[in-house]
Amino acid sequence: MSVNPNEKPEPGDERAERPEPAGKPVAGTAPGVPEASEARPAAGPAEPEARPSEGPESAPEGAVPSPGAGAGAGAAPDGRRRLADALWPPRVTRAQLIVALLLACLGFGLAIQVSSTSEGSALRGARQEDLVRILDELDDRTQRLEDEKTRLEKQRTELESSSDQAEEARRQTAEKERQLGILAGTVAAEGPGITLTVSDPVGAVESDMLLDAIQELRAAGAEAIQVDGVRVVANSYFTGGGDDMRIDGTQVTAPYVFKVIGKPEDLEPALNIPGGVVQTLEKEQATATVERSAKIVVDALRPAKRPDYARSSSP
């Protein structure tokens, strides 16, 4: 609806208010400044703008600061200094010295116990076959010692009860000389035992393998050993191997024949134990056969050697 500017408005007519021309400022206001009554959009509570460049807001007047406020910078150095002062110099009391001495004695005792326990733990990692062999060897040695003890006691009884003690002493001396001659290899011997034959078709047998066989036989109670016509005694040695095997400097060739006097029931199992001499030789493509016999003759002799320095101490 258009409004005539020359027409006077009626009283109470809403058209009495004449709109101001656009762009004409209202009297009493500066150009470009809106009126105070100008409508503005509703807004919530105004949030303060972040001002990173400004420092922290000052506390309200009359506010009391907390005891821990502002103490972060100097608290750590003070704590470390107090801890260092408490630890150094050390303040040792009599009770602390006694406790330290008791702990040192306890540690020393534990070290000794662990050391003594570790010395006897050598058999913990051994195989079951090795443990069985060791037990058998110990039983055999115990039995031989018991037999030796019985024999010596019998000799003492014979000496004490004999009417001619001088003759009995000479007889026992001759018997002892014969036994020592068998051990030294200067006297022939015979008795029950075994014959061990080692065949080496590929020449893989070394001197240490034959030496291991000798050691096993001695541990099982062998009293006299002969290998291919060479008497083996306590100071015998093996060298070479294959086609140049030597015992005490004397060359021997395969097959190697061991004549051993001893208890057959002890000698044969000692060679056939798992991981023993027979299995070791078989791994090297050699063969070893053991044959028991009621009579083995060991007739290879070694010349009696007169000692250079040792002399008899008996009158």
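Modeller: Helix α4 gives the most to the lining of the largest pocket, with 7 residues. Bear in mind that this is a predicted model.

Biologist: How much space lies in the largest pocket?

Modeller: About 1400 Å³.

Biologist: And how many residues line the largest pocket, and which lie nearest its centre?

Modeller: The lining has 43 residues. Nearest the centre are Ile182, Leu183, Ala222, Glu223 and Ala224.

Biologist: How do the lining residues divide into nonpolar, polar and charged?

Modeller: There are 19 nonpolar, 16 charged and 8 polar residues.

Biologist: Switching to α3. How many residues has α3, and what does it reach from first C-alpha to last?

Modeller: α3 has 34 residues and reaches 50 Å. That is close to the 50 Å expected at 1.5 Å a residue.

Biologist: Which residues are buried in α3?

Modeller: Asp130, Glu137 and Asp140 are buried there. Their cover includes α5 (207–219) and α6 (264–272).

Biologist: Okay, α6 then. Which residues of α6 are buried?

Modeller: Pro264, Leu267, Glu268, Ala270 and Leu271.

Biologist: Why do the buried residues of α6 line one face of the helix?

Modeller: Look down the axis of α6: the buried residues fall within an arc of 160°, so they line one face.

Biologist: What covers them?

Modeller: The cover of α6's buried residues includes the helices α5 and α7 (277–283). It also includes the strands β1, β7 (256–261) and β8 (287–298).

Terms used
Residues numbered from 1 in each chain as written. Predicted model: local features only at pLDDT ≥ 70, side-chain atom pairs only at ≥ 80, totals over all residues. Heavy atoms only, no water. 1 Å grid on protein atoms, 1.4 Å probe; cavity = no way out; pocket = protein on both sides within 12 Å on 5 of 7 lines; lining within 4 Å. Points joined across faces, edges and corners; volume = space filled by probe spheres on them. Helix = DSSP H or I, 4+ residues; strand = E, 2+ residues; numbered from the N terminus. Nonpolar A, V, L, I, M, F, W, Y, C, P; charged D, E, K, R; others polar. Expected span 1.5 Å × (residues − 1). Buried < 20%, exposed > 50% of the residue type's maximum accessible area, 1.4 Å probe, protein only. Contact = heavy atoms within 4.5 Å. Arc of directions from axis to C-beta.
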